[in-house]
Amino acid sequence: WVLVVAGCVPVLVGIVGAHVIESCRRGIGLRKLMELVACFVVFLLPYMFSSFFHLHHWYYAWLIGMHCNLDTWWSRFTMSIFYGMYINGIAIFGRDPIMTCAVSLYQSQNDQCPYLEEDYTLQDLVRDSVFVINGEDGCNNSDE
């Protein structure tokens with residue numbers, strides 16, 4: 001936490017401040033603010049009050065990176081850092097949903113997965129899964 005508070009937060013505040021100052025200097029501050037608010041309303045507000053909401057680092061890096069688009073070297077550098085975080089998150093962890101459990105439950109119910117039944121066990125799931133191990137039917141018939 002010390003690194004985050006002492007290092008990352010001041011840098012992030014400085015980057016945001018520099019973008020605000022530069023946007024106002026160019027006369028596009030209101031447009032940039034409207035873009036930021038619109039993205040917040042569309043991409044965060046509908047989800048952020050759910051107990052299932054999880055803000056993955058790839059998601060916030062994507063959201064912040066798209067707003068670092070001024071025609072200066074430091075803004076492009078900031079965009080490349082955030083898009084690098086985005087690519088890192090997607091490449092390593094995949095594009096996990098930001099609603100975590102809610103999405104998993106919805107998909108399971110929608111696909112009528114049998115493991116939602118009360119007496120369904122992990123062994124039943126393994127038995128019902130199709131693994132192509134040997135032969136065409138995927139069954140490993142070595143019960144001898």
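This is a short tour of the structure above, stop by stop.

The model is predicted, so local features are reported only at pLDDT of at least 70 and side-chain atom pairs only at pLDDT 80 or more, while totals for chains, interfaces and linings use all residues. Residues are numbered from 1 along each chain as its sequence is written, and side-chain values use heavy atoms, with hydrogens and water left out.

**Whole chain.** Start with everything shown as a cartoon. The protein has six helices and zero strands, where helices (H or I, at least four residues) and strands (E, at least two) are DSSP runs numbered from the N terminus. Of the 144 residues, 19% are buried; buried means under 20% relative accessible area, exposed over 50%, and partly exposed in between (1.4 Å probe, protein chains only).

**Helix H4.** Select residues 73–93, which form H4. Its 21 residues should span 30 Å at 1.5 Å a residue, and the end C-alpha atoms are 30 Å apart, which agrees; the expected span is 1.5 Å times one less than the number of residues.

Now show the side chains of Ser75, Thr78, Phe82, Tyr86 and Gly89, which are buried. They cover an arc of only 75 degrees around the axis, which puts them on the same side of H4; the arc is that of the directions from the helix axis to the C-beta atoms. What do the buried residues of H4 pack against? Select helix H1 (2–26) and helix H3 (57–65) to see the partners; contact means heavy atoms within 4.5 Å.

Turn to the other side of H4, where Trp73, Arg76, Ile87, Ala91 and Ile92 are exposed. Then pick Phe77, also in H4, which is partly exposed with a relative accessible area of 49%. After H4 comes Gly94, whose phi is positive, near 80 degrees.

**Nonpolar patch.** Select Leu30, Leu33, Met34, Leu36, Val37, Phe40, Val41, Val42, Leu45, Met48 and Phe49, which make a nonpolar surface patch of about 1100 Å². Patch residues have over 30% relative accessible area and no salt bridge; like charges are joined within 9 Å, and nonpolar side chains (Val, Leu, Ile, Met, Phe, Trp, Tyr) within 5 Å. A salt bridge is a side-chain nitrogen of Lys or Arg within 4 Å of a carboxyl oxygen of Asp or Glu.

End on Met48, in the loop between helix H2 (29–43) and H3. Met48 is partly exposed, with a relative accessible area of 32%.

Definitions and conventions. Areas by Shrake-Rupley, 256 points an atom, 1.4 Å probe, with all protein chains shown as cover.
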